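Try each task before you read its solution.

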Amino acid sequence: EEAFRAEHAFRKTIEDSILVGITAADLTGRLIYVNQAFCDMVGWSMEELLGSGPPFAYWPSESADEIAKIQEMAASGRMTKGGYELRLRRRNEERFDALYFASPLFDGNGKISAWLSTFHDITERKKAEERSSRLTLLYSVLSRVNEAIVRIHKPEELYRQVCRIAVENGGFKMAWIGTIDPATHRVIPCASFGDSGGYLRDIAI
């Protein structure tokens with residue numbers, strides 16, 4: 001009995017140290033196991049999750065159908081080696097990105113008895129990728145603007161080109177440049193590109 005308790009404590013220590021969310025579902029889709037990391041990830045307790053079936057509480061309503069299709073693909077053996085990126089829901093309604101993998105669990109006769117799923121929270125990684133993408137885009141825009149400054153000598157033409165670069169290469173909906181009127185100290189739009197939606201017509205700076 002003491003050896004059993006020691007082994008149980010050892011297994012529990014290892015389980016609690018795992019940061020990856022892990023779930024297991026029987027062949028009806030109902031959860032028969034969740035680890036603490038997964039509970040912490042989504043915000044529901046083990047007691048609340050165990051026995052529940054799809055659509056699960058952590059499936060956002062707007063993507064529940066898509067997630068169900070992905071799980072069906074995994075169950076049919078069509079899971080990709082790189083897993084699937086899912087947008088899941090926390091209890092506080094926050095959405096987060098997770099990398100999902102699924103693999104079968106076999107019984108003593110070699111038949112599938114359950115499905116093991118792992119969920120890696122990749123929210124911070126996605127944010128870092130987005131920041132890197134934005135910076136790359138910004139550097140590209142600055143490079144093209146510098147080229148325009150060297151090539152174009154007429155201010156009005158340069159302003160128009162800079163606005164066009166910001167929209168076509170920077171992903172902005174609209175860009176504009178204004179100059180200060182010495183008499184009124186007001187900013188007067190002198191060049192723009194993109195859909196202003198009437199913004200420049202009513203602007204007063």
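A salt bridge is a side-chain nitrogen of Lys or Arg within 4 Å of a carboxyl oxygen of Asp or Glu. The model used here is predicted. By this rule the salt bridges number 12.

**Exercise 1.** Find out which parts of the chain the salt bridge of Glu 62 and Arg 95 links.

Solution. Step one: check the distance. The side chains of Glu 62 and Arg 95 meet at 3.0 Å, N to O. Glu 62 sits in the loop between helix 3 (46-49) and helix 4 (64-75), and Arg 95 in strand 4 (residues 95-106). They are 33 residues apart, so the pair links distant parts of the chain. Step three: look at exposure. Exposed means over 50% relative accessible area. Glu 62 has 53%, so it counts as exposed. Arg 95, at 26%, is partly exposed.

**Exercise 2.** State how Glu 93 and Arg 89 are joined, and what network they belong to.

Solution. Their side chains form a salt bridge of 2.8 Å, N to O. Glu 93 is partly exposed at 43%. Arg 89 is buried at 18%.

**Exercise 3.** Explain what the salt bridge of Asp 121 and Arg 90 ties together.

Solution. The closest N and O atoms of Asp 121 and Arg 90 are 3.2 Å apart. Asp 121 lies in strand 5, and Arg 90 in the loop between strand 3 (84-89) and strand 4, so the bridge ties together parts 31 residues apart in sequence. Asp 121 is partly exposed at 35%, whereas Arg 90 is buried at 15%.

Terms used
Residues numbered from 1 in each chain as written. Predicted model: local features only at pLDDT ≥ 70, side-chain atom pairs only at ≥ 80, totals over all residues. Heavy atoms only, no water. Helix = DSSP H or I, 4+ residues; strand = E, 2+ residues; numbered from the N terminus. Buried < 20%, exposed > 50% of the residue type's maximum accessible area, 1.4 Å probe, protein only.
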